[in-house]
Amino acid sequence: MPASSLPPPAKRRRTRSNGDVAKELEAEITAAVARNASLNSLLDLLNLAQDESNAKDLSKTIYCLYRVFVVIISSDKLVPGGGDAAKQVRKWIWDRLDTFVELLVGLLQDEEPTLRKSSLDILFSLLKHLSTFLTKVSPDQQPHFHSSHFKHIVRGLLLCPPSPRPGSDGAREGKLMPDVLGHFVDTWFLVHDDIRWCFLREATSVLSRSIAEHPNLLVNLVLLLERLTTFPTEAPELNAWWVKELGEQPPKFKKGKSGEEEDEDADVDKVMEDEEDDWRKFFDEEATAKDIKKPTGIKGRAHQLTFHQSLHSLQAHRAVFTRLWLSLLSGLTAAPEATKRTLTVRVLNIMHRCVLPHLTKPILVMDWIGACVDVGGTVGLLALNALFTLIKDYNLYRDYPQFYTRLYTFLDKDVLHLKHRARFFRLAELFLSSTHLPSALLASFVKRLSRLSLNAPPAAIIMVIPFTYNILKRHPALMRMIHRSSDDCDTFTDPFLPDETNPNSTNAIDSSLWELYSHKNHYDTAVSTLARIFEEAFTKPGYSMEDFLDHTYGTLLEAEFKRKIKNEPALAVELVKDPFPEQGGATVGTTEHLASVSRDAVAELWVW
């Protein structure tokens with residue numbers, strides 16, 4: 001191709017990106033708000049965000065939209081009043097805001113992490129501005145919370161609609177992103193009391209309407225509730241608010257006119273009594289922190305309180321918490337079997353520690369926990385902890401009197417081979433720690449575990465031995481089970497009834513722990529050494545079970561490899577090349593010797 005006689009082309013002019021266009025539209029809209037002019041450019045900016053596929057430019061555009069809506073909310077554009085034209089403008093702006101919020105909710109599932117975090121930050125910042133705006137325009141000047149906007153946030157966290165960005169991957173549609181979960185929990189859910197209360201209330205509503213259409217709703221909700229590790233237990237702990245106006249002290253709950261008069265009379269009498277007994281204050285000691293009366297917060301039935309009063313009422317917080325958990329457990333009952341089992345295990349892991357202490361009436365979940373205990377296996381094992389908490393802390397022994405009988409049925413042939421056997425021993429040590437339990441009952445547990453240890457792996461036997469030692473140390477009446485001497489007759493009949501389901505009727509107290517005694521000859525050194533503790537004096541206060549619960553075949557082999565050998569084992573001095581020489585005395589390596597290698601020397605030993 002011949003060289004061109006034209007001069008080289010000029011440097012290509014740089015085209016403007018959509019991010020630059022968004023900034024220009026932002027400046028134009030901001031100026032229009034100040035001049036009270038047309039806001040049609042807002043629609044162009046919103047369309048630009050909806051059609052943008054580049055994550056970097058989309059991030060710039062949504063921040064431009066956020067700043068524009070903050071300017072509009074701070075102005076008088078949304079203040080009620082005016083003629084029909086003003087109403088139409090307000091409706092048009094609210095519609096554009098709803099479209100923007102829907103875009104942000106969808107971006108919570110975007111494949112770009114920066115967009116996910118930015119969208120959540122913008123949503124909660126808009127919540128604060130909108131709530132402040134409602135408080136400012138409210139006729140009663142009471143603090144308000146923009147519930148309709150917060151409903152969009154809750155839907156985005158629980159239902160997880162797909163990202164609207166063109167070209168975005170929707171592989172995790174319906175499942176909450178881990179970074180969004182962590183950011184929401186750490187920044188708002190665990191910190192601000194108003195956000196936690198409103199989320200618990202709105203999540204209950206979403207759960208009752210959308211559980212059939214969204215199979216991952218229960219999974220997302222359990223993921224969030226698992227992270228709720230802090231919950232207020234006293235009224236003074238309600239002191240953190242995302243919407244600052246809600247932090248103002250609400251008016252006290254009034255029962256009625258007669259009640260008010262009685263309260264006023266009581267206050268007057270109290271003041272007069274204090275003035276009359278004022279001379280006694282000279283002899284009073286200084287009040288300690290324990291004597292100072294703590295603020296009790298708003299009192300009254302949760303359904304009779306206003307929204308502002310409910311946020312400052314500990315009882316109202318526990319009420320919405322209870323309502324959500326009852327709805328969740330009801331949803332788990334109707335869930336598919338695979339999802340049901342997985343989520344039930346996760347719920348039971350936190351039930352005794354993070355759920356039962358904060359319910360208004362823990363007895364409400366007793367039927368569900370009892371049904372889980374009857375399932376058996378891993379589910380039943382985890383449910384035992386929650387059931388024991390109900391019995392111990394909430395006096396529900398009358399409703400479940402056969403607790404130890406049910407616990408005894410868990411001692412089957414598989415319990416020492418389960419993945420969660422360490423957790424079972426932790427729970428069993430807790431359940432059997434009382435010194436008021438009958439000796440016959442404890443003897444049944446000890447004997448049953450001893451019998452199961454005969455077919456157990458070494459790591460499980462190492463758990464059984466110190467567990468038994470602690471029970472014998474705590475209950476001296478069981479010591480005869482290891483000190484019982486054999487009768488004169490040669491045959492021994494064990495009176496223990498292994499098929500008896502009632503632990504009080506197994507005759508274990510008349511038996512002995514010969515199974516543990518047999519472990520002195522176990523092939524594993526750690527087991528045989530540990531089994532000899534029953535031959536020594538019981539001077540040790542007890543064993544810490546945590547030191548024995550994490551053993552596996554791997555840890556036992558590692559300990560054996562690292563063990564220092566005091567006495568070297570006996571070995572042969574000379575290497576015998578031919579342990580089975582020919583009768584004819586053929587020399588090793590000769591032709592005659594090689595010809596006789598194929599013979600079976602072991603079989604020849606049995607020929608006479």
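The stops below cover aromatic pairs, a ring cluster and charges over rings.

The model is predicted. Across the whole structure, a search finds 24 aromatic pairs.

**Stop 1.** Select phenylalanine 403 and phenylalanine 431. Their rings form an edge-to-face pair, 5.2 Å centre to centre, with 85° between the planes. Now colour by helix. Phenylalanine 403 lies in helix 16 (residues 403-409), and phenylalanine 431 in helix 17 (residues 421-431), so the pair ties together parts 28 residues apart in sequence. Buried or exposed, phenylalanine 403 and phenylalanine 431? Both are buried.

**Stop 2.** Move to tyrosine 469 and tyrosine 543. The ring centres lie 5.0 Å apart. The planes meet at 80°, which is over the 60 degrees required, so this pair is edge-to-face. Where do the two tyrosines sit? Tyrosine 469 is in helix 19 (residues 458-474). Tyrosine 543 is in the loop between helix 22 (525-531) and helix 23 (553-562). The pair therefore ties together parts that are 74 residues apart in sequence. Tyrosine 469 and tyrosine 543 are both buried.

**Stop 3.** Select Phe124, Phe145, Phe150, Phe184, Trp188, Phe189, Trp197, Phe199, Trp242 and Phe307. Ring pairs link these residues into a cluster.

**Stop 4.** Lysine 128 lies over the face of the tryptophan 242 ring, at 3.8 Å from its centre.

**Stop 5.** Finish at tyrosine 408 and arginine 448. Here arginine 448 lies over the tyrosine face, 4.9 Å from the ring centre.

Technical notes: Residues numbered from 1 in each chain as written. Predicted model: local features only at pLDDT ≥ 70, side-chain atom pairs only at ≥ 80, totals over all residues. Heavy atoms only, no water. Phe/Tyr/Trp six-rings, centres within 6.5 Å; stacked < 30°, edge-to-face > 60°. Helix = DSSP H or I, 4+ residues; strand = E, 2+ residues; numbered from the N terminus. Buried < 20%, exposed > 50% of the residue type's maximum accessible area, 1.4 Å probe, protein only. Lys NZ or Arg CZ within 6 Å of the ring centre and 35° of its normal.
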